[in-house]
Amino acid sequence: MKITGKAIKYGDNVDTDVIIPARYLTTSNEKELAAHCMEDLDKTFVSRVKEGDIMVAGANFGCGSSREHAPIAIKASGIACVIAKSFARIFYRNAINTGLAIIEYDGDISEGDILEVDYEKGELNNLTRGNVGVFPPFPPFLQNIINKGGLLKSLREDK
Amino acid sequence: MAMTMTQKILAAHSGKDTVKKGELIMAQLDLVLGNDVTSPVAIKEFNKAGCNCVFDCNKIALVMDHFTPNKDIKSAEQVKTVREFADEKGITNFFDVGEMGVEHSLLPEKGLVVSGDLVIGADSHTCTYGALGAFSTGVGSTDMAAGMSYGRAWFKVPPAIKFNLINKLTGWASGKDVILHIIGKIGVDGALYKSMEFAGEGVSSLSMDERFTICNMAIEAGAKNGIFPVDEKTLEYVREHSNKQPRIFEADGDAEYDEVFDIDLSKIKPTVAFPHLPSNTRTFDDIGEVKINQVVIGSCTNGRFSDFEIAAKILRGKKVDKRVRTLIIPSTQKIYLDILDAGFIKDFINAGCIVSTPTCGPCLGGHMGILAKDERCVSTTNRNFIGRMGHPESEVYLASPAVAAASALTGRILQPSELI
Ligand code: SF4
C-alpha cells in the first residue's frame, strides 16, 4: 500500500494528554475525539489538518496513558500515518491494534513536505526534497494482525 | 539460555522453556484489567468483533475509578455501559462506588494479583504489580477486548535494564524519590520497550508500599514493566491479601542486561519533578522559591496507608497555608478506613485539608481539584504533562507525600527537614 500526504510536524515526547486531553475522555465517539485532537499543544491542528496528511514527530511519540482514544482521535482527524523517531510502546500497540499506520523513521522532514510512503517496501520518498529513505517494514506476525483487519479478528481466525 | 526475571515469567506463560529478547510470543493471561475510561472502548470492540463470552469471568477486573463517583452525564453513561456488561457476563471482580478504589492500589489489596502472575491492564500504570514479582503491563482497549475474549495477548519479549540497589534510604527520602531520581537520570524514554528490573541488597529495606510506588512509575521512563524480586516481605503481603498461590521466578545470574545502574539508596535526596516531564527532576539545592496553590496527596502512586502516615506526621497539630487547597485522597476504601482508625483523618481535617472518597479525580484532571490558568500544584501523582491537572497553562510538580505535606504548610515547595 502506498500513501501520499503533507507533513504536519511536532517535536519529541508528544504525550497522550496533549493528543487527547483527559477532560474529553468521557466519550469514545471518534468524531468528538477528533474535534479536540492536539488542542493543548497546537490549537490550529484541527482546522488545518486535511484528509491524508501525515503527522511527523520526534522520539517517544504517544508517551503517557494507555488511552486508545489517542490513536483513534488522530486517525479520525484525517491523519493517514504517523512517522516518528520512536513510539512509546503502548501507543505503538494501540496504533497497530486499531489500524492507524505508524512508521519508525529518523530522517530529515520539514513541516509541509510532501511525502510518499510505501509500507510493503519500507520506503519513504520525500517528494519536496527529492530524497528517498528506508524504514523496517513490520515483522510477519504484526503484518498478519494488520492484514486480518485487527487483533480480534486475527485471534479469532488463528484460534 | 539465561533469562531475566521478566523473560522467565513470559516463557512460563507461553509454554516455552526459554524466550529471548525480540521474540514475539502469545501468552496466557492470569488477569485482564480495565477502568471506566478504557473499558467502554474495549466493550465496543468486544461487541463489534462478535465475541459473546469472556474467557473467564473470574479473571477480569473492571474498576470504575477515573471519573467516579460520576462527575457528569457522559461519565455516568460510560460507567453504565460497563456495569451492564459486567452484569451480563457475570464478571465477579467489578468494582463500583462503595467498593472501588484506584485500580492499582485495589487489585493487590484484593489479592487479585500475586507473584509470578501475568497481567495486562488497559491502563498504563498496570506496571505497578511488578512490586509483587508479577509481570504486568499497560495495553490499550483492543488488547483488553482480545484479552477478555481469548485470555491471551501478544508480546515482544523485552530486553532489560538492571537497577542494583545498595544501602538504605535515609532521612525523608522515600520510594518516590528513588523512582524520580532514576527517571531524572535515564529520561522519559530511557527504558523504552524494556523491563526495569530492580535487584540488590537494598531491595529488602524497601517496604511493599515503596516498591509499588517505584514500579508504578516505570512507565514514566517508557518501560514495558518494572519488577522486584520476591522476598519474605512480598510473600507476607501475598499471604495476607490473597488465597492464590504465588509463583517465584528469579533472574538467572548470567542474564543479559542492556545496562546496569548502581543506585545508592543512602545518597537519594528528596526530589521534585518540575513541569512538564517526570524526568525534569531537581533536588532542593536548586529549587528556590516556588509558590503553590494546591497540594494533592493520593493516586495509585502514593495513596497508600504509609503515605498518609507520613503526611499526618507532618501536618498533625498544624495548619496548611490559607492559600493552599490541600486534598487528601486515600486510594481504596480499606485505606480510607485504616487512616480513619489511625486518627489521621482528624489530623488532616484539623489542619485544613479535605479528605475525599477514593477516586483518580485530579490526577488526570478529571474532577475534584482542577487547576486554573497559572496555578501550581505539588502532587504525589505520577504525571506532570501539559494540562494534566487542568488548564494547559497550569503546572504540576511531582513529589513524595513528605514534600507535598511540608509544601502545604508553607505555600511553597519545601522539604520537610526545613520545617521547624
Ligand atoms: S490515580 Fe492517576 S495515574 Fe493512577 S490510575 Fe488513576 S488517573 Fe491513572
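How far apart do the C-alpha centres of domain 1 of chain B and domain 2 of chain B lie?

Modeller: The model is a predicted one. In chain B, domain 1 covers residues 5–263 and domain 2 covers residues 271–418. Their C-alpha centres lie 24 Å apart. To the contact, domain 1 of chain B contributes 35 residues and domain 2 of chain B contributes 41 residues. About 2900 Å² is buried between the two domains, and carbon and sulfur atoms give 61% of that area.

On the domain 1 side, three helices of chain B each supply at least two residues: helix 4 (103–109), helix 6 (175–186) and helix 7 (208–216). Helix 6 of chain B gives the most to this side, with six residues. By class, the side of domain 1 of chain B that touches domain 2 of chain B holds twelve nonpolar, 15 polar and eight charged residues.

As to polar interactions, 21 residue pairs are in polar contact between domain 1 of chain B and domain 2 of chain B, both residues being at pLDDT 80 or more. One salt bridge is found across this interface. Arg383(B) and Glu220(B) form a salt bridge in which the closest N and O atoms are 2.6 Å apart. Arg383(B) lies in the loop between strand 17 (376–379) and strand 18 (395–398) of chain B, while Glu220(B) lies in the loop between helix 7 and strand 10 (225–227) of chain B, so that the pair links parts of the chain 163 residues apart. Both Arg383(B) and Glu220(B) are buried.

The area buried between chain A and chain B is about 4000 Å², with 60% from carbon and sulfur atoms. Arg89(A), Arg93(A) and Leu152(A) supply 20% of the area that chain A buries against chain B, more than any other three residues. There are three salt bridges between chain A and chain B. Glu32(A) forms a salt bridge with Lys74(B), with the closest N and O atoms 2.7 Å apart. The interface of chain A and chain B also has 20 residue pairs in polar contact, both residues at pLDDT 80 or more.

Over all chains, the salt bridges number 34. Within chain A, Arg67(A) is paired with Asp17(A), the closest N and O atoms being 3.3 Å apart. Arg67(A) lies in the loop between strand 2 (54–57) and helix 4 of chain A and Asp17(A) in helix 1 of chain A, so this pair ties together parts that are 50 residues apart in sequence. Arg67(A) counts as buried, at 4% relative accessibility, and Asp17(A) is buried as well, at 2% relative accessible area. In chain B, Arg239(B) forms a salt bridge with Glu232(B), with the closest N and O atoms 3.1 Å apart; Arg239(B) is exposed, at 56% relative accessible area. Finally, Lys21(B), Lys194(B), Glu256(B) and Asp258(B) are joined into one network by salt bridges that share partners.

Key
Residues are numbered from 1 along each chain as its sequence is written. Chains are lettered from A and ligands numbered from 1 in the order in which they are written. This is a predicted model: local features need pLDDT of at least 70, side-chain atom pairs count only at pLDDT 80 or more; totals for chains, interfaces and linings use all residues. Side-chain values use heavy atoms; hydrogens and water are left out. Buried area is the accessible area (1.4 Å probe) that two parts lose on being put together, summed over both. A salt bridge is a side-chain nitrogen of Lys or Arg within 4 Å of a carboxyl oxygen of Asp or Glu. A polar contact is a pair of N or O atoms within 3.5 Å; within protein, one must be able to donate a hydrogen and the other to accept it, and residues adjacent in sequence count only if both atoms are side-chain atoms. Domain bounds come from an automatic or database domain assignment. Contact means heavy atoms within 4.5 Å. Helices (H or I, at least four residues) and strands (E, at least two) are DSSP runs, numbered from the N terminus. Ala, Val, Leu, Ile, Met, Phe, Trp, Tyr, Cys and Pro count as nonpolar, Asp, Glu, Lys and Arg as charged, and the others, Gly among them, as polar. Buried means under 20% relative accessible area, exposed over 50%, partly exposed in between (1.4 Å probe, protein chains only).
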